[in-house]
Amino acid sequence: MIIELYKSISSGLKAVKNCKIYREDVPQNFKIPSFLVTIYEQNPTRGINGRLKNEVNMDILYFPEKKGEAELQEECWNVGQALTRGFVVPGFKIKNRNLKIEDNVLHFMFDVDYR
């Protein structure tokens with residue numbers, strides 16, 4: 001199911017901004033601009049009738065193109081707004097969207113529930 005989640009996230013990101021997408025690890029010569037999709041926590045529980053319910057906490061990092069400090073911040077906020085407004089993950093429910101910028105890298109965090 002995690003593979004399907006990554007594929008859906010990737011298609012959702014491509015719809016917002018068409019750039020390289022990495023999963024869980026940044027290779028040595030990665031290209032920018034790019035996204036890095038990571039899972040930072042997972043919480044499996046039993047749902048109705050004993051079915052497994054899983055909540056996954058995602059962090060999508062966006063690495064902007066190299067420019068001046070003000071341009072980096074502006075690019076991060078623009079991509080963040082586009083993600084907040086237009087990012088969908090087909091087949092999964094997204095909740096608790098949150099944005100922050102640290103060290104000129106955008107962090108777009110959200111939770112995904114699935115059964």
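The accessible surface of this chain comes to about 6,900 Å², and 47% of that belongs to carbon and sulfur atoms. Areas here come from the Shrake-Rupley method with a 1.4 Å probe; for residues, only the protein chains shown count as cover.

Before I go on, this is a predicted model, where local features need pLDDT of at least 70, side-chain atom pairs count only at pLDDT 80 or more, and totals for chains, interfaces and linings use all residues. Residues are numbered from 1 along each chain as its sequence is written, and side-chain values use heavy atoms, with hydrogens and water left out.

Next, the fold. The chain has 2 helices and 5 strands, in the order α-β-β-β-α-β-β. Helices (H or I, at least four residues) and strands (E, at least two) are DSSP runs, numbered from the N terminus.

Now the inside. Of the 115 residues, 39% are buried, meaning under 20% relative accessible area with a 1.4 Å probe, protein chains only. A nonpolar core is a set of buried Ala, Val, Leu, Ile, Met, Phe, Trp, Tyr and Cys residues joined through side-chain atoms within 4.5 Å. The largest one holds 24 residues, and Ile9, Leu13, Phe35, Met58, Ile60, Phe87 and Phe110 touch the most other members. Helices H1 (2–16) and H2 (69–86) and strands S2 (34–46), S3 (52–63) and S5 (105–114) each give two or more residues to this core. S5 gives the most, with 5 residues. A second, separate core of 5 residues includes Leu36, Leu61, Phe63 and Val105.

Last, what does Phe87 contact, leaving aside its neighbours within four places in sequence? Its partners, with heavy atoms within 4.5 Å, include Ile9, Leu13, Ile60, Arg97 and Phe110.

Notes
Buried means under 20% relative accessible area, exposed over 50%, partly exposed in between (1.4 Å probe, protein chains only).
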